[in-house]
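Hi everyone, thanks for coming. Today I'd like to talk about charged side chains and who they pair up with. Let me put the structure on the screen.

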Amino acid sequence: AGPVSAQGSWKPVADTVREEYLWAWRHYVDRALGADHIKPISGGREDFFVEGHSVGLSLVEAVDTLWLMEADDEVALAVQWIVDHLDFDVDAPFQVFETNIRMVGGLAAAYHCTGDSRLLDRAKDIADRLLPAFTRSPTGLPYRYVNLATGQVSDPETNIVEIGTYIAEFGVLTQWTGDSRYYDLAKRAMRVAYDNRTELGLLPHDINAETGRWRNRQATIGPPGDSYYEYLWDGYRLFGDPDLKQWYDTLTEAILTRQAERRDGLLWFPQVDAFTGEVLSREQSVLAGFYAGLLAESGHLAEGRAYHDAFSVVQDRFGVIPTFVDYSTMTATRVDNALRPEFADSALMLWLATGDEVFRERARTHFENMRSTSKTTYGFASLADVTATPPSQEDTCPGYWWSEQMKYYWLLFSDTPRLDYRDNYLSTEANLLRGARR
Ligand SMILES: O=C1NC[C@H](CO)[C@@H](O)[C@@H]1O
Ligand SMILES: [Ca+2]
């Protein structure tokens, strides 16, 4: 069971999370089975990776969430669809980073939860189709796209997220198949970026895969820097690799020394010039909210709490956190929000690290505000303008919704027996790669 708490008071919220999820899932099955996305307002279908060819993205993202919710009939339906219909022999370029965290991760998590080796076979199949992006790169930094059928690679103008967010999914594949190529290729790419850190110990975020040279000067813990740092720590936590911990600690020390700023008692992480430390922008992406959880789990609990406190002020002010907020004025500089899960992600991490009820309260507000603004005819919709009255919706639901926030809420409120609350691992896409209790 989770940290000791008044379980009874949270059960009704957990039940509502599960009801809403299964309600949305039934509409997806009835109207968009096999589509990457359902269009929640019109009930239509939408492709994500390649226009005109879906690969069942939302279904793959949903399997471990359904399993944790003990919706075993739905799990069986999803697994059967994967076995019968999921085919990666697609003659088109797929984005390597997105395909890894969503499809490799989703299938690996489905295997971890169900033990069905056909799912591991599929995870290996898609991972193998991504490898040319790494093996055909002169530096080991992967190209951004690979054609899943021909292995043709393209677009070296990449960033540290898209070269550095593989070690969790590739590492468990190495563990589960015995093939060390996956781990070695993922780690090699991370090393190239680390070895090119500036004298201040900071990393710019854009890099060229063919030359290994930086393409910009700005450092950020938000996109497209965020999950590079996340996966250094995660790789150490999952596989005990001391290199990854040393790289993480070195970079995090520099971030906390040179990139953290307190304003009106709140902790923020502005964008800075990686070579001089000059503050370039005080905008915070809603995606940067994950960093509060990463700091908390990696030995910087005070800073993790403080950064979540800062984002909690934003949630209280706007209801739903805008995609970009300038913290020097507390104004939204981008007013949309594509059902972003990061505030709930770090609320779960902080609750697991502290048992402090405030993080469940904040996650409940996140859930209630999402329900009241995003729920529509056939599911939950991204928001075009969180500042409008009422907030305006878009006819799309991102694949990560099926894997992330609803799973975070469920784990926070249900105390499900299917999770080992003391030893578990959720990837940056909330794919459960450790801690399933069958
Ligand atoms: O790491 C990620 N970045 C963007 C998405 C959520 O905002 C999601 O794909 C994942 O959490
Ligand atoms: Ca993430």
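Let's start with a quick one: does Asp 30 count as buried or exposed? Asp 30 has 57% relative accessibility, so it counts as exposed. Before I go on, please keep in mind that this is a predicted model.

So what does Asp 30 do out there? Asp 30 forms a salt bridge with Arg 26, and their closest N and O atoms are 3.8 Å apart. For a salt bridge the cut-off is 4 Å. Both residues sit in helix H1, which covers residues 7-32. They are four residues apart, and that's about one turn of the helix. Arg 26 itself is partly exposed, at 34% relative accessible area.

Now for a pair from two separate parts of the chain. Asp 72 and Arg 418 make a salt bridge, with 2.7 Å between the closest N and O atoms. Asp 72 is in helix H3 (residues 72-85), while Arg 418 is in the loop between helix H17 (405-414) and strand E20 (425-426), so this pair ties together parts that are 346 residues apart in sequence. What about exposure? Asp 72 is partly exposed, with 37% relative accessibility. Arg 418, on the other hand, is buried, at 15%.

Asp 128 and Arg 181 meet through their side chains in a salt bridge, 3.7 Å from N to O. Asp 128 belongs to helix H5 (residues 117-130) and Arg 181 to helix H9 (residues 181-195), so parts 53 residues apart in sequence get tied together. Asp 128 counts as partly exposed at 26% relative accessibility, and Arg 181 is partly exposed too, at 41%.

Salt bridges can also join up into a network. Which residues are linked that way here? They are Glu 20, Arg 364, Glu 368, Arg 371 and Lys 375. And for the whole model, the count comes to 32 salt bridges.

Asp 345 lies in helix H14, residues 342-354. Asp 345 is buried, yet it has no salt bridge. How far away is the nearest side chain of opposite charge? That's Arg 237, and it is 9.7 Å away. Which residues does Asp 345 touch, then, if we skip its neighbours within four places in sequence? Asp 345 is in contact with Phe 290, Glu 404 and Tyr 408.

Notes. Residues are numbered from 1 along each chain as its sequence is written. Chains are lettered from A and ligands numbered from 1 in the order in which they are written. This is a predicted model: local features need pLDDT of at least 70, side-chain atom pairs count only at pLDDT 80 or more; totals for chains, interfaces and linings use all residues. Side-chain values use heavy atoms; hydrogens and water are left out. Helices (H or I, at least four residues) and strands (E, at least two) are DSSP runs, numbered from the N terminus. Buried means under 20% relative accessible area, exposed over 50%, partly exposed in between (1.4 Å probe, protein chains only). Lys and Arg count as positive and Asp and Glu as negative; His and the chain ends are not counted. Contact means heavy atoms within 4.5 Å.
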